[in-house]
Amino acid sequence: MPPHHRVTSPSAVAVAPVRSICTQILWSSVIMADLVDETAVQELLPFLSLSARGDVKEKALDYILGLSGSVNGRKFLKENDEYLQRLLDLTKDSNPRICADAFLVLVNLSAESLISEKLLEYNFSEPFLSYTLNPASEHAEKAAMILSNVTRTERGCREILNVAKRNEDCSLNKIVDVLCLESYNPHCKLDYLAMFISNLTQLQEFRDFILNKDLCVLQRLLPFTTYNASLIKRRGVVGALKNCCFETASHEWLLSETVDILPYLLLPLAGPEEFPEDDMEKLPPDLQYLDDTKEREPDADIRKMLLDALLQLCTTKHGREVMREQNIYIILRELFSWEIDAEAKKACSHVIQVLIGDEPEPNMQDLKQVHIPEHVKFDEEVS
């Protein structure tokens, strides 16, 4: 058995600058963003203000946007955090372009862990979360990206959880509601809320919220494992489900008819293969007689997360029994033959190892503590 994986969060979100305009015309002493003329950049600071003249403010921010897209530029801004408050202020600017660029700079900066930690000191979590959940917000998706970046750490997650507890308009239920509503905001999609939610599942309290049997939160997320309209939303939801599968006390409920999580985890991994009738009839109904045009999840990271979720469900005896009864081995066998990504292939073999191995002794039912002998290990020659 591979070592127990800790609950994890998705990687940082970063975007390239929308424009790479060099502002040499106005700021003749600035040559290119990568060089970071510190004196010239310091001269821009007074113009990064809500009260500054619009055209000058726009050009100053345009340069800072380019700066945030370079390693040296982010390093400079990280070491001069007086710019952070100015940028946070400019997200409230009445000029839509300035507001958009301020958000984009903060997306790039918040991808740096040290900067995202500094941002938390400015108490921006509540206003940004409120802005994200407001259907009239034109840049809500960018705000969601920033929240996704700052919640990569436990500290960031706890900040958001505290906001959700004290502000009813930012409650956990509201966050899930907004994610699940397709046309909530007419100005933008909110796919990055899924990454944000996935990050929050680092916390036990948030996993408990998703796994609350009376709230049906998890059941609302399940259909997004095959949501073709957005890779980001699929990835975030699958990450959240994977983290929730670490809660072994919930395994029986997850595998019950009330939730029936297995088909949602397996359908993205299934291909168009035909199976003998006896094998086919043992599969969950949603996995039987799939169309010959059925395609597997194209993203290797998502496939690996789905397999990691299945592996966690295998750690309990009940989970292993259900998976064997529903014959999921044949889906995984075909996936293993098809898989070309090394990490996903390894994850697939780990699940198969558990399913084809003998059941452990009664006092060793928790497979997180069991080492699988070499003679039952699955390899590429198994068919």
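Predicted model: local features only at pLDDT ≥ 70, side-chain atom pairs only at ≥ 80, totals over all residues.
## Overall composition

The protein has 21 helices and zero strands. It is made up of 383 residues, and 55% of them count as buried. The accessible surface comes to about 17,500 Å², and carbon and sulfur atoms account for 49% of that area.

Contacts across the sequence can be split by separation. Taking those between residues at least 6 apart in sequence, 72% join residues at least 24 apart.

## Nonpolar core

The largest nonpolar core contains 118 residues. I64, L310 and L332 are the residues with the most contacts inside this core. Helix α5 gives the most to the core, with nine residues.

With neighbours within four places in sequence left aside, I64 is in contact with V41, L44, L48, L77, Y83, L87 and V105.

## Aromatic pairs and a charge over a ring

The protein has six aromatic pairs. One of them joins F103 and Y131, which are stacked, with 5.2 Å from centre to centre and 25° between the planes. The angle is under 30 degrees, so the pair counts as stacked rather than tilted or edge-to-face.

F103 has a relative accessible area of 2% and is buried, whereas Y131, at 23%, counts as partly exposed.

Elsewhere, a lysine is placed over an aromatic ring: K345 lies over the face of F336, at 4.1 Å from the ring centre.

E247 is located in the loop between α14 (231–244) and α15 (251–255). Its relative accessible area is 17%, and E247 counts as buried because this value is under 20%.

The side chain of E247 makes a polar contact with the side chain of R207, at 2.7 Å. Apart from neighbours within four places in sequence, E247 is in contact with Q204, R207 and L211.

## A300 and the segment it meets

A300 is found in helix α18, which covers residues 300–313. In sequence, A300 and E343 are 43 residues apart, while their C-alpha atoms are 8.3 Å apart in space. Leaving aside neighbours within four places in sequence, the contacts of A300 are with D341 and A344.

## Loop residues with positive phi

C216 is not a glycine, yet C216 has a positive phi of about 60°. This cysteine sits in the loop between α12 (204–210) and α13 (217–221). C216 is partly exposed, with a relative accessible area of 37%.

N327 likewise has a positive phi of about 60° without being a glycine. The position of N327 is in the loop between α19 (317–325) and α20 (329–338). Is N327 buried or exposed? N327 is buried, with a relative accessible area of 11%.

Terms used. Residues numbered from 1 in each chain as written. Heavy atoms only, no water. Helix = DSSP H or I, 4+ residues; strand = E, 2+ residues; numbered from the N terminus. Buried < 20%, exposed > 50% of the residue type's maximum accessible area, 1.4 Å probe, protein only. Contact = heavy atoms within 4.5 Å. Areas by Shrake-Rupley, 256 points an atom, 1.4 Å probe, with all protein chains shown as cover. Phe/Tyr/Trp six-rings, centres within 6.5 Å; stacked < 30°, edge-to-face > 60°. Lys NZ or Arg CZ within 6 Å of the ring centre and 35° of its normal. Core = buried A, V, L, I, M, F, W, Y, C linked by side-chain atoms within 4.5 Å. Polar contact = N/O pair within 3.5 Å; in protein donor to acceptor, adjacent residues only side chain to side chain.
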